[in-house]
Amino acid sequence: MNIIQAENYQQMSELAAKKLIEQINSKSDSVLGLATGSTPEGLYEEIIKAHKEGNVSFKDVTTFNLDEYVGLSKDNDQSYYYYMHKLLFDHIDLKDNQANLPNGDAEDLQEECSRYEASIQQAGGIDIQILGIGLNGHIGFNEPGTPFSIQTHIVDLDASTRNANARFFDSIDEVPLQAITMGIDSIMQTKQIILLVSGSKKAEALEKLVNGPVTEDFPASILQKHPNVTIIADREALAELSQ
Ligand code: PGA
């Protein structure tokens, strides 16, 4: 694993944007794997800035998001569909039909998981995947205990994940109980991974990811086995690693 130290959140976001832009400028029809949450917000701001300055175009790019809540409609302001449009898609020249998220509102959720996985394959696989990490080691919504062999699937969200995400909702009761997520196997098949980590709250999780045993109890530990992972983390997040 390649670890890049950023001074702070802003620099982490800039470094990640630079890598994504380099990828697109060297392969205009790149397939990107995108993430939601607080961590990539700065990255998306930097990408929009670069696009507005004429430094990158998404017209041939395809994107796949990692996950989506079950039961929220697209216009629900807590859905990841809404998040992605508001924070990125509405501001760049990505074609609507090339921006993919699992449909958490599908009638047949199992079928939706198979369809989503198949569409990633049809697009030729993901060239570069952006990841964050949850405090419990989840990547996407692959909670502790998820088999490493699994592809896109429906998950019951951990109480700790629902608590962590309650800050975006009016109350914890409104946080969905389930989500659709790309599986660990789907993530491991991506050609390159950029994992973003910021803040002291994530320091322990980052240390476990890098130095801990590879175990399904801490899903992110599997990344030790991926051939092309770059971690971009700020000083606070790296605190436990540098000790
Ligand atoms: P965060 O979430 O970026 O909001 O911290 C990351 C995650 O839970 O994967």
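## Helix 1: span and faces

Helix 1 has 18 residues, 9-26, and at 1.5 Å a residue these should span 26 Å. The end C-alpha atoms are 26 Å apart, so expectation and geometry agree. The model is a predicted one.

One set of side chains in helix 1 is buried: M12, S13, A16, A17, L20, I21, Q23 and I24. They cover an arc of only 160° around the axis, which means they sit on the same side of helix 1. An α-helix has 3.6 residues a turn, so residues three or four places apart point the same way. On the other side of helix 1, K18, N25 and S26 are exposed.

## Ligand surroundings

Which residues are around the ligand? They are G37, S38, T39, G132, I133, G134, H138, R167 and K202.

Three of these residues place an N or O atom by a ligand oxygen. For S38, a backbone N or O atom lies 2.9 Å from an oxygen atom of the ligand. For T39, the side chain supplies the N or O atom, 2.4 Å from a ligand oxygen. For K202, the side chain again supplies the N or O atom, and the distance to a ligand oxygen is 2.7 Å. On its own, the ligand has 280 Å² of accessible area, and the protein covers 82% of that.

## Helix 2: span and cover

Helix 2 passes the length check too. Its twelve residues should span 16 Å at 1.5 Å a residue, and its end C-alpha atoms are 17 Å apart, which agrees.

The buried residues in helix 2 are G42, L43, Y44, E46, I47, I48, A50 and H51. Their cover includes helix 1, helix 3 (80-87) and strands 2, 6 and 9. After helix 2 comes G54, with a positive phi near 80°.

## S119 in helix 4

S119 belongs to helix 4, residues 109-122. Is S119 buried or exposed? Its relative accessibility is 14%, and buried means under 20%, so S119 counts as buried.

A polar atom of the S119 side chain lies 2.9 Å from the backbone oxygen of Y116. S119 and F64 are 55 residues apart along the chain, with 9.1 Å between their C-alpha atoms.

How values were computed. Residues are numbered from 1 along each chain as its sequence is written. This is a predicted model: local features need pLDDT of at least 70, side-chain atom pairs count only at pLDDT 80 or more; totals for chains, interfaces and linings use all residues. Side-chain values use heavy atoms; hydrogens and water are left out. Helices (H or I, at least four residues) and strands (E, at least two) are DSSP runs, numbered from the N terminus. The expected span of a helix is 1.5 Å times one less than its number of residues. Buried means under 20% relative accessible area, exposed over 50%, partly exposed in between (1.4 Å probe, protein chains only). The arc is that of the directions from the helix axis to the C-beta atoms. A residue is near a molecule or strand if one of its heavy atoms lies within 4 Å of it. A polar contact is a pair of N or O atoms within 3.5 Å; within protein, one must be able to donate a hydrogen and the other to accept it, and residues adjacent in sequence count only if both atoms are side-chain atoms. Accessible areas come from the Shrake-Rupley method with a 1.4 Å probe; for residues, only the protein chains shown count as cover. Contact means heavy atoms within 4.5 Å.
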